[in-house]
Structures are given as C-alpha cells and as structure tokens.
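Here's a quick tour for anyone new to reading protein models. Have a look at the chain first, then work through the points below.

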Amino acid sequence: MTTQEFIGKENFNIHTQTVSESCPSNIALIKYWGKYKDQIPANPSISYTLNHCKTNTSMEFVADESFSVQTFLAGSEEVKFAEKIEKYFRNIEQYLPWILKGRYIIRTENTFPHSSGIASSASGFGAIAKCLMKLDEMFAGKISEEKSLRKASFLARLGSGSACRSLYNGLIVWGQTEEVQGSSDLFAVPYPDAEIHEVFKRFNDWVLLIHEGQKSVSSTVGHGLMNTNPYAERRFQEARENFIPMKEILRSGDMEGFIKLVEHEALTLHAMMMMSDPAFILMKTGTLAVINTIWDFRQKTGLPLFFTLDAGANVHLLFPSNGSEEQIKDFIETELLQHTQKNGVVKDVMEF
Ligand code: DP6
C-alpha cells in the first residue's frame, strides 16, 4: 500500500477559476466504524451510492499569495466549516502542491434535509474532491478519467472516510479485502458488476426521519470510542469475515441472506456504541418501534422490507424494486410514517 501514485506534480500553472461538481451520498451495508491514523479504516466496508441525495458545490479559486477559505452552506456563511476545509487543504498539500496558493469561496448545498441521517459529509467531501481534481487538471495537466476518479476518492477519504465510496455509482468497496480484487485502504473501488445479481441493481432507500435534531455523537467521536472498546477487535474481524457471505449473496441473489447480514451489521454498529465508554444509545423510541413493525410485517407477508442504520436514530428502509414494492410502499405510508417526528421521509433509489 503506497500513496506514491497520488503525490502531485511540482510544475503547475495556476490561474483564477471557478468549477462546479455534484456528488451523491451513500449508505453502508457492511459498516466502517473504527479507524487508524491517516484515515485508514479498521475494516473493509461496502455501500450503495444513492441516486438523488446529493451535494452541489461550486469552488471559486483566486490565485493569490495568501491562502484562505470562505464557505457558504445553502447561502449562509459557515465559519466552522471553512476552518475544517482549511485544515483539510493543508493536510493534502503534498497531493495537490498548488492548493495553498490562493483564496477559495466554496458554495455548497444539499438536495436533502440537514440532520436527516443521510451522510452530508460523504457527499460534501466527494463534491469538494471532484472540484479539486477539476482544478488540478487545469493547473497540473490532464490524467486519465480512471486515475482522476481514483485520486478524487483518495482525497475524499482524507476529508471523511465514507466519502471515498461516493465517487462511484453502484455497490462500492473501501478497505483492503481478499474478497474484492483491487480493493484498498486508500480509496474505494466499484464492486465488480458481473458479480452482482440483477435483483440488487435496482433498490429503494427510504429514510425515515425519526429524529431531526443534532446527532448525540459525531462520527469522529464514535470512531474514537472503538479505540478503547474491548469488543472492537472482534467487530473488525467480523466485518472482514462478513465479506465472504456477502460475496455469495450478491452473486446468487439471496435476498434472505442479504436482509439478515445488512440488519446484523446495523445492529452491531449500535451495539458497539452501547458497549463503549461512555456508552451511547443512538436509537430513539421511534427507531425501535419501526424495527419491530418491520419484523412483524416480514413475518406476516414474507416481503423483502428491511432496514439499516447509520450512527443515529433515523432508519434507512431498504427494499428491491421488483414488483412487490407497491404493497411495501403502502405499508410504509400507513404504518411506519407515524413514528417519525414530522412525517418526514426522504425517498431515494440505487440504480445501476
Ligand atoms: C456509520 O465517514 O462520517 O456512516 O471518517 O470520521 O468522517 P469520518 O467518519 P464517517 O463515518 C461513517 C460511519 C458510518 C458507516 C459507514 O458509512 O460505513
């Protein structure tokens, strides 16, 4: 594993420029939770890239002696975010040697609600990394599209780990595993299309907004708690092992196996937080009510509606687009929406 291929060229030619890019969010099926120095994940993860929930970003670069960053989120200036981006840019200078040679105005907006449990850091850093690679192409010269995407994924990872998976559409793997050829801790790679059953290529993700407030624990703190969690090593090992059944499930179209594995991963992430010191319970009453109602529904109907969770209370409802979906959608509207704070649901799909 080496970062050599990402080191930037010393001969560049900067000039004032504005670029715009857009990047979707993603939802993990095998979760990244725990990391080492330089954003190296403690275990491999796999996610679906969403199709509608995106961040749109424009980046104005004014070549200048002094370096500064100004950021606007949906039109309002965000000083804290600018500080974060400044730190990030300083951190990636060796990969983009021109990066500190100017002033930036970054305007960004999400197509989905804030605090919705949809990872805006993933789409946000994905879009910023794409803007940076566009500038790099203008200043340092063109590289192949494949190399440029890979470097964007590498750079996005240094902003927020899960962001590196958002650069590609479909099912995406980040973290070295023998089960996926070409996988790396440094950047994400698409899971080979030929090894994915058709049933997994068109899926719905409806996010129930159980709780729309601030999350009780940031992912930075959450990852950090894995350093002292006595079960952490076992969890990292289990995530690695989970790639073995996942591979067979994806190949054969085993929906039952998929449901079991994906729900187990979500519950394990939450169990890890409950076993941390200090302990966190990230679910709310509504989260539990939704999970139990889904399990009842599945037992009664046998229909493939299931869930995953990120590090928060909101529930990602997953179900394939294959004919049985109307009954599932009706059920969500009539039985599950009542557990949300304000009837909030964000409807997305994964299609590739
Ligand atoms: C629960 O990528 O947000 O969504 O690397 O510290 O920015 P940082 O963390 P982040 O963690 C995401 C964790 C997760 C699971 C996942 O997406 O794999």
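A word on the record before we use it: UniProt positions follow the numbering used here, and its annotations may be inferred rather than shown by experiment. Keep in mind, too, that this is a predicted model.

**The annotated region**
- An unreviewed UniProt entry gives residues 207-338 the label "domain: Mvd1 C-terminal".
- In the model, that span is 58% helix and 9% strand.

**How helices pack: α2 with α3**
- Two packed helices are described by the angle between their axes and the distance between the axes.
- Take helix α2 (residues 120-140) and helix α3 (residues 145-159): their axes come within 8 Å and cross at roughly 130°.
- That angle makes α2 oblique to α3, and their crossing is right-handed.
- On the α2 side, the contact uses F125, G126, A129, M133 and D136. They meet S148, K151, A152, L155, A156 and G159 of α3.
- Sort the residues of this α2 and α3 contact by type and you get six nonpolar, three polar and two charged.

**How helices pack: α5 with α6**
- Helix α5 (residues 232-252) packs with helix α6 (residues 255-274) at an angle of about 165°, and their axes are 10 Å apart.
- Are α5 and α6 roughly parallel or roughly antiparallel? Angles over 145 degrees count as roughly antiparallel, so α5 and α6 are roughly antiparallel to each other.
- The crossing of α5 and α6 is left-handed.
- From α5, the residues in the contact are R235, E238, A239, N242, P245, M246, I249 and L250. Their partners in α6 are G257, F258, L261, V262, H264, E265, T268 and M272.
- The residues of this α5 and α6 contact split into nine nonpolar, four polar and three charged.

**How helices pack: α7 with α8**
- Helix α7 (residues 285-301) and helix α8 (residues 325-336) have axes 12 Å apart and pack at an angle of about 140°.
- The two helices α7 and α8 are therefore oblique to each other, and α7 passes α8 in a right-handed crossing.
- Here V290, T293, I294, F297 and T301 of α7 touch Q327, I328, F331, E335 and L336 of α8.
- By type, the residues of the α7 and α8 contact are six nonpolar, three polar and one charged.

**Aromatic rings**
- How many aromatic pairs does the structure hold? There are 23 aromatic pairs.
- One of them joins F67 and Y104 in an edge-to-face pair, with 6.2 Å centre to centre and 80° between the planes.
- This pair links distant parts of the chain, with F67 and Y104 being 37 residues apart. You'll find F67 in the loop between β4 (45-63) and β5 (68-73), while Y104 is in strand β7 (residues 102-110).

- Most residues other than glycine have a negative phi, and most peptide bonds are trans.
- Q39 isn't a glycine, yet it has a positive phi of about 60°. Look for Q39 in the loop between β2 (35-36) and β3 (40-41).
- The peptide bond from D277 to P278 is cis, with omega near 0°. P278 is in the loop between α6 and α7.

Terms used. Residues numbered from 1 in each chain as written. Predicted model: local features only at pLDDT ≥ 70, side-chain atom pairs only at ≥ 80, totals over all residues. Heavy atoms only, no water. Helix = DSSP H or I, 4+ residues; strand = E, 2+ residues; numbered from the N terminus. Axes fitted to C-alpha atoms, helices over the stretch in contact; angles between N-to-C directions. Parallel < 35°, antiparallel > 145°, perpendicular 65-115°, else oblique. Left-handed = near helix turned anticlockwise from the far one by under 90°. Contact = heavy atoms within 4.5 Å. Nonpolar A, V, L, I, M, F, W, Y, C, P; charged D, E, K, R; others polar. Phe/Tyr/Trp six-rings, centres within 6.5 Å; stacked < 30°, edge-to-face > 60°.
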